Every structure is written in C-alpha cells, then in structure tokens.
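Subject: Structure handover

Hello,

Here is the structure I promised you. Please open it and keep it beside this message as you read.

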Amino acid sequence: SDGPDDMPQEIWDKVKNHPCYSEEAHHHYARMHVAVAPACNIQCNYCNRKYDCSNESRPGVVSQKLTPEQAVKKVVAVASEIPQMTVLGIAGPGDALANPAKTFETFRMLQEQAPDIKLCLSTNGLALPDYVDEICKYNVDHVTITINMVDPAVGEKIYPWIFWNHKRVTGYEAAKVLHERQMLGLEMLTARGVLTKINSVLIPGINDEHLMEVNREVKKRGAFLHNIMPLISEAEHGTVFGLTGQRGPTASELKAVQDACMGGANLMRHCRQCRADAVGLLGEDRSEEFTLDKLEQMD
Ligand code: SF4
Ligand code: SF4
C-alpha cells in the first residue's frame, strides 16, 4: 500500500507494519515500552524529573521502573497475551542511552528470548555517537532522536545544562555540544542504514519559527520522519517549564508548523506521546494489566 507523502518505497516496506509509523498499521499491530532507563544526561526546561521523559511521553505520567530481567519477563508475558505485539521500545523514563548497560542488556536478552520482536529506542542524542555500534549489534530497527533546534542560540533557551565529559556544561556551550552530537549521531545512523525518526517539541515563542530549519537539516541528514509534538504545559500534567509562564501551542499553531514543514522530512501526525511503559495498540493503554505484582502472579 502507499506510504505517506513522498516516502520512498523501500523505507515504507520496512515500516508499514510498525504501529508508530504507519497510520494503517497502528490499528492492527501493538507496541510496548519498558521503563528500564531512569537516568538522564541533560536538562530540558520543559522536563519535570518526577515524571517520564517528556521528549517521548505525555507529561505527568509516572512509569514503574524495571530491571532488564523484569522487563524481559514482561515482554515475554505481553507477547503471549497480545500476539499483535511486534515492537518493543525503550523510551525512558529518562534517556535510553544515558543508561546504556540497562538498555543494551534488555536488548541482548530479548534477542535471545524473543528474536522476532523489533527493537527501537529514543534518545536526546547526546550519547548517541558512542553507541551506534551497539545499536547495530543488537539490530535495533528504529531510533528516535528528539531535536528541538539546530542553532545553539535557540538551544540555550531550551537546555539549561548537559552532563558531558564528567562535568556539567551550561549555556550556549552546552547547546552547541548537544547540537553537534545530535547531528553526528543522525549522520552515523543513516550511514549504517538504521531508520531514524526525529521528534521536535513545539515551544511557542522559542522554536516555532525555527522548526522549518530543523526539518530541512534533519531531512538533509537522512531522517525518514519528523514528528512535531506540542509542548504540553499544564499544571495538572506536572509540567514546569523553566521560563516563566511558558504555554503550549494551540491546535492551529501546531497544524501551521506541521503544514509549513510538509514536503520536508515526512511528518508523522498520529504519535500519541505514549508513556514509558505503554502496552498495546496505539490509543489503548494496557499497562495496568502487566504491572510487576501481576507479573509475579503469572509465575
Ligand atoms: Fe527530561 Fe527527557 Fe529532557 Fe531528559 S531528555 S531532561 S528525561 S525531557
Ligand atoms: Fe509510537 Fe509515538 Fe507512542 Fe513512541 S510515543 S510508541 S513513536 S506513538
């Protein structure tokens, strides 16, 4: 069947059964996330560390953290209950690659115990160039990088600090390092043939006008999809943006930026910003059926 916009056929053939990438597949195939990655190596102004990484998840959600062993047990249990489960992702609650031992131990065990399940991970990109070899070694199919800027002058309004070379780096310098690592990581993944999607959080007044440039730069480096997500800035979601009174975009502001980026990297519009322990078809959440205590009872 036809892919979205101008997506090349060979990429579409790879992603059409992936619920996150195909509008059609997301009604038939299920995905799950396992929350094995608690730490993070940067600070985003829109992040509240009490909750899941808001680069991939809807803010205000707290996932149950798992060890790699618990995660694998959960994946195997879910796969036997939900046969349409085709994709396993690591998307937090912090950054998958700021917890490399846990992330890759989970992938290693899954390759042995459930080799048919496709693997994906999401990251802010800071550590990405260091782990491209391991990503390829475990046949990770898809990587998502959150890229909110390609200009450190914009970036320093979004990222107060990064943890880099064993120390905290702040300001313009921090945003510059993050930007360079994100671009390098994207280029390395593309060169190795790993499908790479970009998430951007639309922050009105900060990067709204800048996201078209982000779209151009990531497309140029081979990203196959660009997903523009709204900043969700509501007290009840636990969001505390570092800049006073920062609001999220309206639906029409979001659509205007998405429309302005059409014809660039293909845009993904049905991402649901799932929690770090999401289970099931997109739009349904069966995570409550597979909590740790319920898994223990399955023994
Ligand atoms: Fe929070 Fe995710 Fe940003 Fe880390 S990358 S600070 S977990 S939103
Ligand atoms: Fe897919 Fe988006 Fe949900 Fe990740 S957050 S599983 S990309 S729909």
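First, some ground rules. Residues are numbered from 1 along each chain as its sequence is written, while chains are lettered from A and ligands numbered from 1 in the order in which they are written. This is a predicted model: local features need pLDDT of at least 70, side-chain atom pairs count only at pLDDT 80 or more, and totals for chains, interfaces and linings use all residues.

**Overview**

The chain has 9 helices and 10 strands. Both are DSSP runs, numbered from the N terminus: helices are H or I with at least four residues, strands are E with at least two. Of the 299 residues, 46% count as buried. Buried means that 20 or more other C-beta atoms lie within 10 Å of the residue's own; exposed means 12 or fewer, partly exposed is in between, and C-beta atoms are placed from the backbone. Take the contacts between residues at least 6 apart in sequence: 75% of them join residues at least 24 apart. A contact means that two C-beta atoms, placed from the backbone, lie within 7 Å.

**The open sheet**

Seven strands form an open sheet with mixed pairing, in the order S9-S8-S5-S4-S3-S1-S10. Strand S9 (225-230) and strand S10 (279-280) stand at the edges; each has a single partner strand, so one side of each lacks a neighbour in the sheet. Two strands pair if DSSP finds at least two bridges between them. Strands S1 (residues 30-33) and S3 (residues 85-90) run parallel and are joined by 4 bridges. In that pair, His33 stands opposite Gly89 of S3. Helix H8 (residues 251-260) lies across strand S8 (195-202) and S9, at about 165° to S9. For such angles, axes are lines fitted to C-alpha atoms, for helices over the stretch in contact, and the angles run from 0 to 180 degrees between N-to-C directions.

**S2, S6 and S7**

Strand S2 (residues 42-43) runs antiparallel to strand S6 (residues 161-164), with 2 bridges between them. Here Ile42 faces Ile162 in S6. S6 also pairs with strand S7 (residues 167-170), antiparallel, over 4 bridges. Phe163 has Arg168 of S7 as its bridge partner. S6 and S7 form a hairpin with 2 residues between them, and Asn165 in the turn has a positive phi of about 50°. His166 lies in the loop between S6 and S7, and its phi is positive too, near 70°. His166 counts as exposed because it has 5 C-beta neighbours inside 10 Å.

**The ligand**

Which residues are around ligand 1? They are Cys40, Ile42, Gln43, Cys44, Cys47, Cys53, Ser54, Asn55, Gly94, Asp95 and Asn124. A residue is near a molecule if its C-beta atom, placed from the backbone, lies within 6 Å of it. The shell has 5 nonpolar, 5 polar and 1 charged residues. Ala, Val, Leu, Ile, Met, Phe, Trp, Tyr, Cys and Pro count as nonpolar, Asp, Glu, Lys and Arg as charged, and the others, Gly among them, as polar.

Look at Gln43. It sits in strand S2. Beyond its neighbours within four places in sequence, Gln43 is in contact with Tyr159, Pro160 and Trp161.

Helix H6 (residues 171-191) has 21 residues and reaches 31 Å from first C-alpha to last, close to the expected 30 Å. The expected span is 1.5 Å times one less than the number of residues. Buried residues in H6 include Ala174, Leu178 and Leu189. After H6 comes Gly193, with a positive phi near 80°. Helix H2 (residues 68-81) has 14 residues and reaches 20 Å, close to the 20 Å expected. Among its buried residues are Val72, Lys73 and Lys74.

Most residues other than glycine have a negative phi, and most peptide bonds are trans. A cis peptide bond joins Gly92 and Pro93, with omega about 10°. Pro93 lies in the loop between S3 and helix H3 (100-113). Asn139 is not a glycine, yet its phi is positive, about 55°. Asn139 lies in the loop between helix H4 (128-137) and strand S5 (142-146). Asn139 is exposed, because it has 12 C-beta neighbours inside 10 Å.

Best wishes
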